[in-house]
Amino acid sequence: MMENSLSSRMQMAIRRITGRGKLTEADIDEMMREVRLSLLEADVNFRVVKTFTANIKEQAIGEKILKGLNPGQQVVKIVHDELKRVMGDENAPLTFENNGLTTFMTIGLQGSGKTTSIGKLGVYLRKNLKKKVMFIAADVYRPAAIDQLITIGKQIGIEVYDEGLKDAREIVKNGLKYAKEKNYDVAIIDTAGRLHIDETMMQELVDVKKIANPSEILLTVDAMTGQDAAQIAKSFHDQLNATGAILTKLDGDTRGGAALSIREVSGIPIKFASSGEGMDTFEPFHPERMASRILGMGDVLTLIDKATEAIDEDEAKNMMEKMMSDNFNYYDLLKQFKMIKRMGSISKLMGFIPGMGNIKKAASQIDDKQFDKMAVIINSMTDKEKKNPTLIDKSSGRRQRIAKGAGVNVSDVNNLRQALETQKKMVKTMSSMSEKDLEDLQKDPSKLMNKLPQRSNTGKGKGKGNFRR
């Protein structure tokens with residue numbers, strides 16, 4: 001799947017022209033053929049592909065680009081900016097009422113992930129925007145949908161208003177009255193989901209819209225449906241005037257067709273992207289960040305957002321101070337492992353780091369349970385050994401005892417020792433950077449990779465590390 005993804009193909013296409021001293025129109029044509037194929041294989045709408053490639057070629061073959069400095073880099077910027085434009089230029093925020101209850105209405109076909117997305121949206125609103133949220137169960141054609149919403153509500157601690165399989169219009173009317181009485185900030189309505197769009201369903205949605213007068217009509221779209229998602233979105237938008245889309249099942253950038261087609265075809269901005277089953281796998285959709293991820297340029301801002309959410313500021317400050325001192329020990333390393341695990345899977349986090357796109361396939365094979373394994377090794381140490389790593393460094397007997405206690409090989413203990421040393425060297429390298437170095441990193445974060453300690457195949461030599469997972 002990863003080898004055939006939009007990201008891999010797009011990166012391969014632009015790699016043909018980066019690093020060259022000059023470009024010809026033939027070079028651009030060759031790149032555009034690859035770009036066109038990568039978009040079509042990702043199931044991007046044909047009209048979107050045609051406009052996209054035409055716009056890039058028109059800008060790329062200008063005399064200023066072909067004869068300018070670093071023409072390849074300039075073309076990459078053109079591709080990045082066009083990707084961003086197609087997906088909507090910038091994040092479209094949610095709209096809230098200034099006073100009283102704000103109502104969101106969710107719509108979408110059955111199987112699009114609508115009910116789960118409501119749960120994720122509720123968690124997001126409560127956690128990030130401090131809103132008091134309630135759900136209204138108005139999908140009365142499928143009893144399982146009501147049960148699912150109630151189950152999700154109990155799981156995340158959000159109240160669900162339901163009246164069973166009564167008329168959806170009455171349920172919405174009564175539910176909104178209840179939400180106002182209980183002083184809720186936001187009421188999210190789960191509406192009918194069908195296997196296909198039909199006249200009865202659409203009329204009911206139109207009626208619910210009139211009753212609720214929602215601030216947002218959010219359409220959930222399954223990213224795996226590719227360009228069909230854009231046509232479905234257009235059908236809903238034509239009759240309901242949706243205000244935003246939630247793109248579900250967006251597994252990284254392995255399927256970019258829906259993301260690149262919806263805005264251009266339907267006119268609906270993508271407001272959120274969702275992947276995975278967890279209630280925390282939900283984030284605002286930023287076209288610029290997605291464009292960077294597709295082109296393998298990383299997504300440092302999203303990585304920072306995730307770190308900010310998962311790690312307390314004082315906790316991070318204390319950890320950094322400890323790492324910059326000579327007292328960084330196994331207790332501290334264990335705390336660091338726990339911090340990283342709270343941010344998500346290692347393979348997904350690596351996808352956000354500039355310069356790591358080419359090894360993302362290998363990263364996907366990293367077993368996140370390695371952190372648990374290393375925690376077991378640390379917990380097999382004595383209190384003195386955790387506080388004073390040099391005790392283990394000087395004694396092979398201690399390493400053998402720790403390995404036996406943890407049920408691992410001595411080489412695993414040695415790998416953990418190397419991980420501790422690598423962390424120390426990394427922080428010292430960053431702390432010794434000049435202001436100019438830091439400014440350069442802000443402009444191009446991938447340069448950080450050149451400044452970090454390099455790993456050695458032999459493990460010999462000063463400043464080298466051979467920690468392997």
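1. In this predicted model, helix α7 covers residues 143–156, a run of 14 residues.

2. The buried residues in α7 include A145, I146, L149, I152, G153 and I156. Viewed down the axis of α7, the buried residues fall within an arc of 130°, so they line one face of the helix.

3. Which residues does α7 carry on the face turned away from its buried side? That face bears K154 and Q155, both of them exposed. On the buried side, the cover over the buried residues of α7 includes one helix, α6 (114–129), together with the strands β2 (133–137), β3 (159–161) and β4 (186–190).

4. G157 follows the helix, and its phi is positive, near 75°.

5. Positive phi also occurs in residues other than glycine. One of these is K130, with phi near 55°. K130 is found in the loop between α6 and β2, and both of these elements are among those that cover the buried residues of α7. Is K130 itself buried or exposed? Its relative accessible area is 66%, and the cut-off for an exposed residue is over 50%, so K130 counts as exposed.

6. N241 likewise has a positive phi, near 55°, and is a residue other than glycine. Its place is in the loop between α10 (227–240) and β6 (244–248). The relative accessible area of N241 is 48%; since partly exposed denotes the range between the buried limit of 20% and the exposed limit of 50%, N241 is classed as partly exposed.

7. N241 is also among the contacts of K209, a residue of helix α9 (residues 199–212). Which residues does K209 touch, leaving aside its neighbours within four places in sequence? They are M105, P214, I217, L240 and N241. For one of these contacts, L240, the C-alpha atom is separated from that of K209 by 7.9 Å, with the two residues lying 31 residues apart along the chain. The relative accessibility of K209 is 29%, and the residue therefore counts as partly exposed.

Key:
Residues numbered from 1 in each chain as written. Predicted model: local features only at pLDDT ≥ 70, side-chain atom pairs only at ≥ 80, totals over all residues. Heavy atoms only, no water. Helix = DSSP H or I, 4+ residues; strand = E, 2+ residues; numbered from the N terminus. Expected span 1.5 Å × (residues − 1). Buried < 20%, exposed > 50% of the residue type's maximum accessible area, 1.4 Å probe, protein only. Arc of directions from axis to C-beta. Contact = heavy atoms within 4.5 Å.
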